[in-house]
Amino acid sequence: MSKEHSGVLRAWESTMRKTQAAKKRANNIFGITSMANVTNNDLEDDTDKGVSISGEAYFAEKILPNGDYYTGQWYDNFPDGQGKYLWTDGCMYLGEWHKGKTMGKGRFSWPSGASYEGEFKTGYMDGTGTYIGSNGDNYKGKWVMNMKHGHGILNYSNGDCYDGEWRRGLQEGHGKYQWQNKNYYIGEWKNGVIFGKGIFVWSNGNTYDGYWEDGMPKGNGTYQWPDGSFYVGNWSKDPDEQNGTYYPSESSLAANLEWDPTTVYNELAGCKICVGERVSIMPSQKRLATWYSSKGGDKPRRMSVDGRVSVGVERPLDKMSLWENDGNSNGLRQVRRDLDCELLGIPHNDANPKFNLGLPLKAPKLEKRQGETISKGHRNYELMLNLQLGIRHSVGRPAPATSFDLKASAFDPKDKIWTRFPREGSKYTPPHQSYEFKWKDYCPVVFRTLRKLFKVDPADYMISICGDNALRELSSPGKSGSFFYLTDDDRYMIKTMKKSEVKMFLRMLSAYYNHVRSFENTLVIKYYGLHCVKLPGTTQKKVRFIIMGNLLRSDYTIHRRFDLKGSSLGRITEKNEFETDNTTILKDLDLNFIFKLQKA
């Protein structure tokens, strides 16, 4: 090894030891490495080894101020070609680069001992590759943007093995899972669990061939013993829904006919699907330090493995004095704006002035909630109390268990239940502070079954609608004249309906039920109840309403809302930037972004 090369490595190792000591004190592997800036003039004597031929790639060794180290081919201020990059936290990439991004074949290793070797695309593990975890897990197969996606084989460290299809990092599609004890399952998967049709084979020769749901038999299926005897029926963890027939074989006529199918569920409870090792930090999350040359007027380069803009991170341009001016920051702001436009794919001259990227980034404010809270004194306060009392009564009312196969009579529009709510209470209703009213449930069996089909817990449903928090009324009714109300947790929306609309909905209810039962991933809105409140007085006004799921509920803060119709005529909001907030409904011409998607 040459003296120059050993000197470079010693300098890098010394810097890395100091940086690792500081990071151990911070105890946070996800801490963001600040972008260090340096000119070649400052380091060319000690750290920048190589000969640059204008317009051609050359070999370089560089130690950056934050302690990172790169050795390999360099072109136009970027790693380009074969090269090795070592981060101070111990992560390392060795392989192909293209304009500062990991692109092609390479190997990424973590300080824990885990490694990935295979194809990369713009910083992501993407293509065919092998990941070996620090605990011994070994996955070989397809990847898309850091996730297992496509066919792959995962050998777990505990001896289990899965060979099949993956989707977004989870088993989905057809696959085989074999446990260490030689039990195995071959069939359909969904979201990482056994779901659909498949066969489970025990090491003792017993088999179950049928339908599954959430990792357990559910629906039609056959359990068979090695001697030929078998049990056929409808399977369910609910004893009321479990039914079937036991058929002994000729050689086992003296077998126990009182065999209990619940023993199968007890056996399967011990067959857990291994979760596997979680990757601590993805290659696409590793940043490259900024490097630029003062020679020849090279422009500063802000590099990251995946090339994305990091919102909320210190900008390298904030500490650069590359543009001298008389105190006016317009030139620097314009450069920032042009850089952001280029990285986001927005034409420089076409950036929407309503969302000017040149403006300073602001921390997001607390989200303004939609609608007006219905508190005491509100014109609809009594109606809200009636609605909550009625729903608590409907959902909490005892009812016999029903299967998903409903009779035609359950969809009859005449199948409705009227309940009177006097202020002093009755045998079936509690006392309350509102006025006396009547409550109607339309097709109660159907909607109770729909809530069960949509996996809605009755207690959670009542807490969302009938809890201590009030409903919120949206400020303006829709074009239909209906009013909309939101629950405090945004999970459910309540809409008032006309009598004619209720009649039409009840005529479609049977077809709707069959559709959502057949296509559980349908994007059709989910309905949970149809009710009516009959108010007191001479007019005895009736208010009919339907409860549905709120499609726009999100755990993330919504900063902008768009109503997109695919038209340009009149599709712009007549408000300036200062009049809009996160509840303003923007339109087609307000959307000035380019969405870059993968071909897949």
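The questions and answers below walk through a predicted model of one protein.

Residues are numbered from 1 along each chain as its sequence is written. In this predicted model local features need pLDDT of at least 70, side-chain atom pairs count only at pLDDT 80 or more, and totals for chains, interfaces and linings use all residues, while side-chain values use heavy atoms, with hydrogens and water left out.

User: How many helices and strands does the protein have?
Analyst: Helices (H or I, at least four residues) and strands (E, at least two) are DSSP runs, numbered from the N terminus. The protein has eight helices and 27 strands.

User: What share of the 600 residues is buried?
Analyst: Buried means under 20% relative accessible area, exposed over 50%, and partly exposed in between (1.4 Å probe, protein chains only). Of the 600 residues in the protein, the buried share is 40%.

User: Among contacts between residues at least 6 apart in sequence, what share joins residues at least 24 apart?
Analyst: Contact means heavy atoms within 4.5 Å. Among contacts between residues at least 6 apart in sequence, the share joining residues at least 24 apart is 41%.

User: Which residues have the most contacts inside the largest nonpolar core?
Analyst: A nonpolar core is a set of buried Ala, Val, Leu, Ile, Met, Phe, Trp, Tyr and Cys residues joined through side-chain atoms within 4.5 Å. The largest one has 52 residues. Those with the most contacts inside it are Ile391, Leu450, Tyr461, Ile465, Leu509 and Leu530.

User: How many residues are in the second, separate core?
Analyst: This core includes Leu64, Phe120, Tyr185 and Val264. Its number of residues is 45.

User: Is Ile465 buried or exposed?
Analyst: Ile465 sits in helix α7, residues 458-466. Leaving aside neighbours within four places in sequence, its contacts include Leu387, Ile391, Tyr492 and Ile547. Its relative accessible area is 0%, so Ile465 is buried.

User: What separates the C-alpha atoms of Ile465 and Asp488?
Analyst: Ile465 and Asp488 are 23 residues apart along the chain.

User: Are α5 and α7 roughly parallel or roughly antiparallel?
Analyst: Axes are lines fitted to C-alpha atoms, for helices over the stretch in contact, and angles run from 0 to 180 degrees between N-to-C directions. The axes of α5 (residues 381-396) and α7 come within 10 Å and cross at roughly 175 degrees. Angles under 35 degrees count as roughly parallel, over 145 as roughly antiparallel, 65 to 115 as roughly perpendicular and the rest as oblique. The crossing angle therefore makes α5, relative to α7, roughly antiparallel.

User: How do the residues in the contact of α5 with α7 divide by class?
Analyst: The α5 side includes Leu387, Ile391 and Val395, and the α7 side includes Tyr461, Met462 and Ile465. Ala, Val, Leu, Ile, Met, Phe, Trp, Tyr, Cys and Pro count as nonpolar, Asp, Glu, Lys and Arg as charged, and the others, Gly among them, as polar. By class, the residues are eight nonpolar, two polar and one charged.

User: Which residues is Ile391 in contact with, leaving aside neighbours within four places in sequence?
Analyst: Ile391 is in helix α5. At 1% relative accessibility, Ile391 counts as buried. Its contacts are Trp439, Tyr461, Ile465, Cys466, His531 and Ile547.

User: At what angle do α6 and α8 pack?
Analyst: Helix α6 covers residues 444-453 and helix α8 covers residues 499-518. Their axes are 12 Å apart. The packing angle is about 25 degrees, which means α6 is roughly parallel to α8.

User: How far apart in space are Thr449 and Asp405?
Analyst: Thr449 is found in helix α6 and counts as buried, at 1% relative accessibility. Thr449 and Asp405 are 44 residues apart in sequence. C-alpha to C-alpha, the distance is 9.5 Å.

User: Where is Met145, and what is its phi?
Analyst: Met145 lies in the loop between β8 (138-144) and β9 (147-155). At 37% relative accessibility, Met145 counts as partly exposed. Its phi is positive, in a residue other than glycine, and is near 50 degrees.

User: What is the phi of Asp490?
Analyst: Asp490 is found in the loop between β22 (484-486) and β23 (492-497). Asp490 is partly exposed, with a relative accessible area of 23%. Although Asp490 is not a glycine, its phi is positive, at about 65 degrees.
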